[in-house]
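Here's a quick briefing for anyone meeting this structure for the first time. Have a look at the chain below, then read on.

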Amino acid sequence: MRALLLENVHPDAARILETAGAEVETIDRALDPRALASALAGVQLLGIRSKTEVTEAVFDEAPDLLAVGAFCIGTNQIDLGAARERGVAVFNAPFSNTRSVVELALAEIIALTRRLTLKNTAMHAGVWDKSAEAAHEVRGRRLGIVGYGNIGAQLSVLAEALGMSVYFYDTADKLALGNARRCDSLDELLAVADVVTLHVDGRAGNSGMFGAEQFARMRPGSLFLNLSRGFVVDHGALRARVESGHLAGAAIDVFPQEPAGRGDEFRSELRDLPNVILTPHIAGSTEEAQQDIGRYVAGKLRDYQFEGGTSMSVNLPHLALPPRPGGRRIAHLHRNVPGVLAKINSLLAEHKVNIDGQLLDTRGEYGYVLTDIAVDYPAAVLGSLAAMPETVRVRLLG
């Protein structure tokens, strides 16, 4: 088994896969689709972060690829449909860096509210400005959270513990935690919040969701944060509102275009603005979070390779069976049409293969079956299963 890990995935990921018997190659940067397709020759497991795009063309050039691990939350950089059609499982880390993102958001809210950025700049320039002007406590201020998922909900709880009043808006029906209050529209949230923070996902429909109109509706003197996706915010409109004084400050961690690697020049129209914190896409980049992500996603890749487990896959049905020492397991991904399971079992019976255990799960147009069988089996059975018109991919494990 060969694995390729890109973009400085935590070393624990490589150790987990090597312990499982994989030959692991690591590259400290993203690869463009053409270079990636070339690098995937003979590779079964791929690990990436947010900058590597795995397109349909890449999948076409990587017939050996079995699984892709996104060592981050988002998966919009991966063509999930193309992966599913080719029987490639995709895993991500939806929870591992939640706390890190929340802590950075809170730190930035406090820093902006106390105007620490301006005090720090003045001190480095030799200016002693001991003044409370425009500096406030966060206690009693109103936080508006746009996107009440794992990150938004945890931020809600911790912000409330600091004494903030929390309002949130989400297009999905979400349960309010603590004393948080749900807003029926984004405009309602913008009208009441002293601080607005975005924690939305990377779906295409969120592109450009926050622009000149939304900034105009924010309260004068309010603060704006985006630690979600770069393409959801119009940065030109944000600059205009900061320069005009309508917004008292902002913190931005993600950008529409980001440098390819560490040390490359960062270009943005948000540079050189007062009381604006710019960070290089590091909201989830703590040592603790990256270690947790490395272990979690690598474990999912290992389990899929050796046991066929798809628990928490973002594009395949979810199945998991405990290891079965000494036996064999057939993993069968197929199109979800009536009678497939009966066909599989009929073929196994024809080849006199006894079933020791079996699980089936379906997800939309696809179904996935794990079947434990005895060690001795006719080799022709795999060919028969692969020849079924409904079969997407079949593998023998163990």
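The chain holds 13 helices and 16 strands, where helices (H or I, at least four residues) and strands (E, at least two) are DSSP runs numbered from the N terminus. Keep in mind that this is a predicted model, in which local features need pLDDT of at least 70 and side-chain atom pairs count only at pLDDT 80 or more, while totals for chains, interfaces and linings use all residues. Residues are numbered from 1 along each chain as its sequence is written, and side-chain values use heavy atoms, with hydrogens and water left out.

**Overall layout**

- Along its principal axes, the C-alpha trace spans about 85 × 45 × 35 Å.
- Of the 398 residues in the chain, 48% are buried; buried means under 20% relative accessible area, exposed means over 50%, and partly exposed is in between (1.4 Å probe, protein chains only).
- The domain assignment gives domain 1 (1–92 + 287–316), domain 2 (97–278) and domain 3 (317–397), with bounds that come from an automatic or database assignment.
- Domain 2 and domain 3 have their C-alpha centres 49 Å apart.

**A pair of helices**

- Helix α1 (residues 11–19) and α11 have axes that come within 7 Å and cross at roughly 25°; the axes are lines fitted to C-alpha atoms, for helices over the stretch in contact, and angles run from 0 to 180 degrees between N-to-C directions.
- That makes α1 and α11 roughly parallel to each other, given that angles under 35 degrees count as roughly parallel, over 145 as roughly antiparallel, 65 to 115 as roughly perpendicular and the rest as oblique.
- The crossing of α1 past α11 is right-handed, a label used if the near helix is turned clockwise from the far one by less than a right angle, with anticlockwise being left-handed.

**Aromatic rings**

- How many aromatic pairs are there? The count comes to six, taking rings of Phe, Tyr and Trp (its six-membered ring) as paired if their centres lie within 6.5 Å, with planes under 30 degrees apart called stacked, over 60 edge-to-face and the rest tilted.
- One of these is the stacked pair of Tyr-148 and Phe-168, at 3.8 Å centre to centre with 15° between the planes.
- This pair links distant parts of the chain, 20 residues apart: Tyr-148 is in the loop between β6 (142–146) and α7 (150–161), and Phe-168 is in strand β7 (residues 165–169).
- Both Tyr-148 and Phe-168 are buried.
- Phe-215 and Phe-224 make an edge-to-face pair, 5.0 Å centre to centre and 75° between the planes.
- Phe-215 is buried at a relative accessible area of 0%, and Phe-224 is buried at 0% too.
- Together with Phe-210, Phe-215 and Phe-224 form one aromatic cluster.
- Over at Tyr-304, the charged end of Arg-395 sits over the ring, 4.4 Å from its centre; this calls for NZ of Lys or CZ of Arg within 6 Å of the ring centre and within 35 degrees of the ring normal.

**Loop residues to look up**

- Asp-272, in the loop between β11 (247–252) and β12 (276–278), has a positive phi near 70° and is exposed at 75% relative accessible area.
- His-281 sits in the loop between β12 and α11 (287–307); its phi is positive too, near 55°, and His-281 is partly exposed at 33%.
- Thr-286 also lies in the loop between β12 and α11 and is partly exposed at 27%.
- The C-alpha atoms of Thr-286 and Asn-97 are separated by 8.0 Å, although these residues are 189 residues apart along the chain.
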